[in-house]
Amino acid sequence: MKFADRLFETTKELWESYLEHPFVKGIADGSLGIDKFRFYMIQDYRYLLEYSKVFAYGIIKSGREDIMRRFAMMVKDTLDGEMDIHKKYMARLGITSEEVAEAKTSIINQSYTSYMLDVAAKGDVLDVLVAVLSCAWSYQYIGEHHVKIPGALENETFGEWIDGYSCEGYRASTQEIIDLVNELGENITEDRVKYLEQVFINCSRYEYMFWDMAYSKEM
């Protein structure tokens, strides 16, 4: 079993529970309140700014030029790719750049990003990759589930979100992270495996808490 698959097995049941969360289900069936989605968009935009910094640690930590270039592209893909989805939605929802800049970051959001940054600062390239993997991969997991639901992709409010996280370009960017995790995770010690499994589990738990936070609009 490849290392990324082993990581996935530790959180499979948790990821399945994402699909039953009222926020995630509300995106699939179109029932999610716009106020909740608006709150989520602001918080997730602020999250992505910190998420980009985690990728940037990969540039600092790597001694290989090819990996440095990959991390540089991951930063660009997040800032100029994934965040474009948010900017389009924010324009439609009347969210201004000033509102995002002045918004407070929720305590769950702050805790999650601080944890990832701490893992990245203390660890090596593989630690950085595992810290970001649950976010990137679980969004693809949700997007690929939702795209199979009749009418979900055609929903005028949430269809673009679903398409963004199930499209070929997003899958390719996630696969690049998975491939690097498998490459760098080959032949690591069992103690190292256990540590990184816990990082992956922790980040996956934070993902669930993020959905909870967004649904209740908890600060």
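Visitor: Which helix does Ala214 lie in?
Guide: In this predicted model, Ala214 belongs to helix 10, which covers residues 190–216.

Visitor: Why does Ala214 count as buried?
Guide: The cut-off for buried is under 20% relative accessible area. Ala214 has 0% relative accessibility, so Ala214 counts as buried.

Visitor: What is found just after helix 10?
Guide: Lys217 follows there with a positive phi of about 55°. Lys217 is a residue other than glycine, and most residues other than glycine have a negative phi.

Visitor: Why is Lys217 called partly exposed?
Guide: Partly exposed covers values between the 20% limit for buried and the 50% limit for exposed. Lys217 has 36% relative accessibility, so Lys217 counts as partly exposed.

Visitor: What makes Asn187 count as exposed?
Guide: Exposed requires over 50%. Asn187 has 75% relative accessibility and therefore counts as exposed. Asn187 sits in the loop between helix 9 and helix 10. Its phi is positive as well, about 65°, although Asn187 is not a glycine.

Visitor: Why does Lys53 count as partly exposed?
Guide: The class lies between 20% and 50%. At 44% relative accessibility, Lys53 therefore counts as partly exposed. Lys53 lies in helix 3. Its C-alpha is 9.6 Å from that of Met116, which is 63 residues away in sequence.

Visitor: Why is helix 7 described as largely enclosed by the rest of the structure?
Guide: Of its 22 residues, 19 are buried, so helix 7 is largely enclosed. One of the residues in helix 7 is Ser138. Its relative accessible area is 1%, so Ser138 is buried.

Visitor: What lies 3.4 Å from a polar atom of the side chain of Ser138?
Guide: The backbone oxygen of Cys135 does. A polar contact needs a pair of N or O atoms within 3.5 Å, and this pair is 3.4 Å apart.

Visitor: Where is the kink in helix 7 centred?
Guide: The kink is centred on Leu133, with an angle of about 40°. Even so, helix 7 reaches 32 Å from its first C-alpha to its last, close to the 32 Å expected for 22 residues.

Visitor: How do you know that Asp124 caps the N-terminal end of helix 7?
Guide: A side-chain oxygen of Asp124 lies 3.0 Å from the backbone nitrogen of Leu126. The cut-off for a polar contact is 3.5 Å, so this distance falls within it.

Visitor: How many residues line the largest pocket, and how much space lies in that pocket?
Guide: About 300 Å³ of space lies in the largest pocket. Its lining comprises 19 residues, and the closest to the centre are Asp77, Thr78, Glu82, Tyr170 and Ser173. The elements giving two or more residues to the lining are helix 3 (34–61), helix 4 (65–92), helix 7 (125–146) and helix 9 (168–184).

Visitor: What is the lining of the largest pocket by class?
Guide: The lining has 10 nonpolar, six polar and three charged residues.

Note on methods. Residues numbered from 1 in each chain as written. Predicted model: local features only at pLDDT ≥ 70, side-chain atom pairs only at ≥ 80, totals over all residues. Heavy atoms only, no water. 1 Å grid on protein atoms, 1.4 Å probe; cavity = no way out; pocket = protein on both sides within 12 Å on 5 of 7 lines; lining within 4 Å. Points joined across faces, edges and corners; volume = space filled by probe spheres on them. Helix = DSSP H or I, 4+ residues; strand = E, 2+ residues; numbered from the N terminus. Nonpolar A, V, L, I, M, F, W, Y, C, P; charged D, E, K, R; others polar. Expected span 1.5 Å × (residues − 1). Bend = angle between axes of the 7 residues up to and from the residue. Buried < 20%, exposed > 50% of the residue type's maximum accessible area, 1.4 Å probe, protein only. Polar contact = N/O pair within 3.5 Å; in protein donor to acceptor, adjacent residues only side chain to side chain.
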